[in-house]
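Q: Can we go through how some of the helices pack here, then look at the pocket? Keep it quick, please.

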Amino acid sequence: MTLAARDLAARLVGLPVRELRSGQRALAEGKLAEAETLALAAQRRAPDWAEPYHLLASVADARQDRVAVEALEREALARDPEHAEAEAALLKLQAWQRKPLMDAWAHYHAARWLEAAEAFYAALLECGVRVPEVCRAEALAGLGWSRLELALPAAAADAFWEALAVAPSDVSARRGLAIAWYQLGSYERARALLDELLSERPDLGSAWAFRGWCEYALGRWHEADANFERARSADPTLADARWGHGWSRFRCGAHEEALRELLTACELGALHPSAGDALDLAVWRDEYAPLLEPLVSELVRGGGRGVVDAAAARATRHGRRDAATRLTTAAQHASADPALDALAALVERRADALDRATASGRNEQESLQLAWLRARNLELQGNFTSAREIVRGLAARHAARREWRELAQRIGTEISG
């Protein structure tokens with residue numbers, strides 16, 4: 001329906017369209033007082049019509065009176081829940097109100113911990129002014145998480161405690177406080193808080209994982225193992241749970257399972273506090289030697305080269321020079337480009353390293369390159385059956401690529417798509 005048609009329909013039911021449109025024109029010309037007068041006149045004539053309230057909200061917005069904007073737009077939506085302009089205005093206002101918090105989270109997720117802590121504190125000071133009071137617990141919890149990353153567990157615990165004083169059921173603050181207590185060595189206290197949280201939210205894999213770490217720190221390996229199992233079941237992609245399960249399996253003497261879990265853990269997230277210990281394990285225990293190269297590669301790609309260098313230095317210091325050489329060589333072979341790593345492994349005939357190449361890349365093109373490199377590696381090993389399986393699994397749109405056509409011809413198969 002056109003604007004003219006809507007106006008005609010509104011007039012037919014007695015709505016003060018003329019005053020409203022005059023008020024909108026006055027607003028567009030910057031005549032705020034006149035626009036307000038006309039909007040109030042329309043409101044008096046039609047108190048159940050949403051439009052005058054939205055116009056008054058627009059006038060308030062021009063005056064930067066955001067408290068009035070929110071109240072008036074909510075009045076408009078109360079009268080017309082499908083009023084698109086009022087809803088859009090409220091969303092814009094809410095985005096402005098939450099911007100200090102969003103900026104703080106942006107710093108946090110970019111690993112700028114100090115800037116994040118400062119931004120969360122600034123947002124906290126704005127609570128009840130610009131930032132809605134309901135966001136106070138979130139600002140305090142964000143401050144706590146930033147302080148944890150800055151290795152300030154006592155200060156983090158204070159922030160989480162204050163957050164819980166505002167919102168006692170806040171999941172983020174409860175989990176953060178448990179982690180802070182864990183880092184302060186209060187393992188039983190941390191576990192008790194996690195028990196309370198998990199009784200309400202048994203689906204929280206991260207909480208089960210940290211409960212496992214509490215048991216692990218207390219030397220209760222089997223109890224820790226059971227908790228890491230629960231965490232892994234709740235979220236199979238949770239790296240912390242995989243790391244914990246690998247270490248608890250190690251402590252329980254299940255070394256084959258431990259190795260499998262640690263390999264999975266390094267694929268899901270190599271930058272773990274225990275990554276250095278895992279490298280030491282790979283250096284000193286032959287059954288864990290297969291962990292060395294993939295963990296080094298993932299650490300280097302993730303920006304953890306320092307962990308590898310520290311492990312090499314420890315190996316040298318304790319007379320394991322061959323292991324130190326393996327560590328530094330693996331680091332040199334690693335790069336931030338999985339396809340480049342796989343190509344280097346193919347050229348150097350490092351079949352095991354290429355077999356461990358990431359199954360999928362960061363985009364379709366990289367995934368296709370990795371698939372071709374794995375198929376080529378299988379061809380060179382004489383494993384034509386597995387190479388054919390990769391070729392036959394190709395999407396039809398890739399069938400015309402020369403490298404795939406030539407590979408398919410050499411191994412005696414067709415690209416089915």
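Q: Which hand is the crossing of helix 9 and helix 10?
A: The crossing of helix 9 and helix 10 is left-handed. Left-handed means the near helix is turned anticlockwise from the far one by less than a right angle; clockwise would be right-handed. Helices here are DSSP runs of H or I, at least four residues, numbered from the N terminus.

Q: What should I know about the model itself?
A: This is a predicted model, where local features need pLDDT of at least 70 and side-chain atom pairs count only at pLDDT 80 or more, while totals for chains, interfaces and linings use all residues. Residues are numbered from 1 along each chain as its sequence is written, and side-chain values use heavy atoms, with hydrogens and water left out.

Q: Back to that pair. At what angle do the axes of helix 9 and helix 10 cross?
A: Roughly 155°, with the axes of helix 9 (residues 153–166) and helix 10 coming within 9 Å. Axes are lines fitted to C-alpha atoms over the stretch in contact, and angles run from 0 to 180 degrees between N-to-C directions. Helix 9 and helix 10 are therefore roughly antiparallel, the term for angles over 145 degrees.

Q: Which residues of helix 9 and helix 10 meet?
A: Helix 9 brings residues including Phe 160, Trp 161 and Leu 164, and helix 10 brings residues including Arg 174, Leu 177 and Trp 181. Contact means heavy atoms within 4.5 Å. By class, 10 residues in this contact of helix 9 with helix 10 are nonpolar, 3 polar and 1 charged. Ala, Val, Leu, Ile, Met, Phe, Trp, Tyr, Cys and Pro count as nonpolar, Asp, Glu, Lys and Arg as charged, and the others, Gly among them, as polar.

Q: And helix 3 with helix 4: how do their axes cross?
A: At roughly 160°, coming within 9 Å, for helix 3 (residues 32–45) and helix 4 (residues 50–62). That makes helix 3 roughly antiparallel to helix 4. Helix 3 passes helix 4 in a left-handed crossing. The contact of helix 3 with helix 4 has 11 nonpolar, 1 polar and 1 charged residues.

Q: Where does Leu 72 sit?
A: In helix 5 (residues 66–79). Leaving aside neighbours within four places in sequence, Leu 72 contacts Tyr 53, Leu 56, Ala 57 and Ala 60.

Q: Now the largest pocket. How much space lies in it?
A: About 760 Å³. A pocket is an open set of points on a 1 Å grid over the protein atoms alone, where a 1.4 Å probe fits, with protein on both sides within 12 Å along at least five of seven lines. The volume is the space filled by probe spheres set on the points, which are joined across faces, edges and corners.

Q: What lines the largest pocket?
A: The lining has 25 residues, with Phe 210, Trp 213, Asp 240, His 272 and Pro 273 nearest the centre. Lining residues have an atom within 4 Å of a point. By class, 15 are nonpolar, 5 polar and 5 charged.

Terms used. Helices (H or I, at least four residues) and strands (E, at least two) are DSSP runs, numbered from the N terminus. Angles under 35 degrees count as roughly parallel, over 145 as roughly antiparallel, 65 to 115 as roughly perpendicular and the rest as oblique.
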